[in-house]
Amino acid sequence: MASRGCRSWLGALRPLAVVLLLLAVAVAAAAGSPDRTAPSRPPLVLPLTLSYPNASRVASYRSRRALAEGGRPSARMRLHDDLLTNGYYTTRLYIGTPPQKFALIVDSGSTVTYVPCASCEQCGNHQDPRFQPDLSSTYSPVKCNVDCNCNNDKSQCTYERQYAEMSSSSGVLGEDIVSFGTESELKPQRAVFGCENSETGDLFSQHADGIMGLGRGQLSIMDQLVDKGVIGDSFSMCYGGMDIGGGAMVLGAMPTPPDMIFSPSDPVRSPYYNIELKEIHVAGKALRVDPTIFEGKYGTVLDSGTTYAYLPEPAFVAFKDAVTSKVHLLKKIRGPDPNYKDICFAGAGRNVSKLSEVFPNVDMVFGNGQKLSLSPENYLFRHSKVEGAYCLGVFQNGKDPTTLLGGIVVRNTLVTYDRHNEKIGFWKTNCSELWERLHSGGAPSPAPSGDLSSQADFSPAPAPSGLPEFDVGLITVYMSLNVTYPNLKPHLHELAELLAKELEIDSRQVRVMNVTGQGNSTLIRWEIFPAGSSNAMSNATAMGIIYRLTQHHVQLPQNLGSYQLLEWNVQQPISRRSWLQEHVVSILVGILLVILLSLSAFLGLYLWKKKFRGQAAYRPFSGT
């Protein structure tokens, strides 16, 4: 009887066991289902420049072969920043033992490299800490001698440089180990440089630490390296295009593309890098000016440290009128800065690659008959306050008859300063991608004559466009502010609120994820989320946010300093689960607990009833 009751009880439990087993399988499936429905993908990273905030984040690089001129190595260096935001391009140089890092403006018009000295009493607040000679075991002062100017106590050589925009730099000369970064095949070299004791004008207020002088002169870093015989007597620079920035620089000789055009450069004519400019054509027609107009004073000078182009008055007027006559359908508007009378045009659209459909092409014709073709990005800059508007980046050079061609003229152009052969070469390419191309297959090398379109290394790559066409789930932004972390820390919430307001988004979408002090500056990692409960923002919305950041539409109060956008990246949205999907495990566990409790209660009740029935059925036997 009891055994039959137990079997019947076990039989009754079999369906429950099956239910429990199915529930266990369901729980396991529910726990794993989100991974199957939304497979993880790596974020799409689109760097603003071709560099990360510090060298330690750079990936391992491929081995590189020695270049021309007897197999001498070269210093291949990334370029950072852009013309509109900063007015210059910088590279990273490391001085001393252990190395101290500096962001230096690459300047072909300067003949000395200098950084702020720790003892400087008249130096601005720059990107990196000042150079501390006492912390370098390899530093030595350049002692006073007959070939230099000396300080007051006649113990150390000094330098002084003054610039046309009324800025100046002065200090003492020192010698130390100079390194060109982990990606350069050129080993560190001893070199003389300036340790600043005073800055004025733009040099005082700029974000960059100092100047890397590439001009002709005894103190030039180029002359010092060439005199040591460690590199060939040539260097090349390539500036990124409008809205992109970045680029690459090579100190030393490199093979030249077969279709690079050259202009003679006469070192006797002037101490600057000059070219023989004879004519300027706008939409195929030569400007009606005397051809000798470009030969005044220093001639036509190419200066990488200058932002825009400056022409003698007759040439400027002719150029301005020629361009204006070709864009009569556009509306002429005021410039972004009321202090300057910029010539600007509205209605051209945001797409840089289509500007040539609105603005005329410009050609520069050299004395040897070769012609450098300029696209609109080589003589225009984007209006910072009116979307789809552009301004002439060519100005009158006051009363100075010199023609000065700054960085804007050579955007997306590889420029080779071949000092050994006294010529300067120009080759149109995508400079923002050139760094990777240099490292993936060496520098551009000559190819047999024929159809160059089949030679991937020589076909100018298209300028990078906007975001890929998908919705965006997250924007990550790396920003450097030229204010110390202790001064910034109390204002982080205020900064987040201000950033959201300037980006025209809700403050709850902006979050500070990481803050790191770096000397006189602070590095912040922001994350920008979609609005409300949405898991994605449109491509256009994300592009608008990034555009406002890259174009410095975000205006910070003076106490928060200025910012530099180091990098940004976007991620696709992660598939968001429903409430039921997110809580299915909890629901199933709850059901399982209810069933177990019910089962326990059922079992207890069964055992109790069985015992009660047994006691009721027993009757004691009594005889009569």
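Mentor: Buried means under 20% relative accessible area, exposed over 50%, and partly exposed in between, using a 1.4 Å probe and protein chains only. Helices (H or I, at least four residues) and strands (E, at least two) are DSSP runs, numbered from the N terminus. This is a predicted model: local features need pLDDT of at least 70, side-chain atom pairs count only at pLDDT 80 or more, and totals for chains, interfaces and linings use all residues. Residues are numbered from 1 along each chain as its sequence is written, and side-chain values use heavy atoms, leaving out hydrogens and water.

Trainee: Thanks! Which residues touch the most other members of the largest nonpolar core?

Mentor: A nonpolar core is a set of buried Ala, Val, Leu, Ile, Met, Phe, Trp, Tyr and Cys residues joined through side-chain atoms within 4.5 Å. The largest one here has 86 residues. Those with the most contacts to other members are Leu-214, Leu-251, Phe-319, Phe-359 and Phe-426.

Trainee: Which residues of α6 are buried?

Mentor: As background, an α-helix has 3.6 residues a turn, so residues three or four places apart point the same way. In α6, the buried residues are Ala-315, Phe-316, Ala-318, Phe-319, Ala-322 and Val-323.

Trainee: Within what arc do those buried residues fall?

Mentor: The arc is taken over the directions from the helix axis to the C-beta atoms. Looking down the axis of α6, the buried residues line one face of the helix because they fall within an arc of 165°.

Trainee: Which strands do the buried residues of α6 pack against?

Mentor: Contact here means heavy atoms within 4.5 Å. By that criterion the buried residues of α6 pack against β16 (277–282), β19 (309–311), β22 (362–366), β25 (389–392) and β26 (394–396).

Trainee: Now strand β2: how many of its residues are buried?

Mentor: In a regular strand the side chains alternate between the two faces of the sheet. In β2, Ala-75, Met-77 and Leu-79 are buried on one side, and Arg-76 and Arg-78 on the other. Strand β2 (residues 75–79) is therefore largely enclosed by the rest of the structure, its buried count being five of the five.

Trainee: Which residue of β13 is the bridge partner of Arg-78?

Mentor: Two strands pair if DSSP finds at least two bridges between them. β2 and β13 (residues 247–251) have five bridges and pair in the antiparallel sense. Across from Arg-78, the partner is Ala-248.

Trainee: Which residue does a cis peptide bond join to Thr-97?

Mentor: Omega for this bond is about 0°.

Trainee: Is Asn-412 buried or exposed?

Mentor: Asn-412 has a positive phi of about 55° although it is not a glycine. Its place is in the loop between β27 (403–405) and β28 (413–418). With a relative accessibility of 9%, Asn-412 counts as buried.

Trainee: How many disulfides does the structure hold?

Mentor: A disulfide is a pair of cysteine sulfur atoms within 2.5 Å. With the bonded cysteines of the protein chain numbered in sequence order, the pairing is 1-8, 2-3, 4-6, 5-7, 9-12, 10-11. The number of disulfides is six.

Trainee: How many residues apart in sequence are the parts tied together by Cys-117 and Cys-195?

Mentor: The sulfur atoms of this disulfide are 1.9 Å apart, and the torsion about its S-S bond is about 90°, so it is right-handed. Cys-117 lies in the loop between β5 (114–116) and β6 (140–141), while Cys-195 lies in strand β10 (residues 189–200). The separation of the tied parts is therefore 78 residues.

Trainee: Is the link of Cys-148 and Cys-157 left-handed or right-handed?

Mentor: The sulfur atoms of Cys-148 and Cys-157 are 2.0 Å apart, and both cysteines are buried. With -70° about the S-S bond, the link is left-handed.
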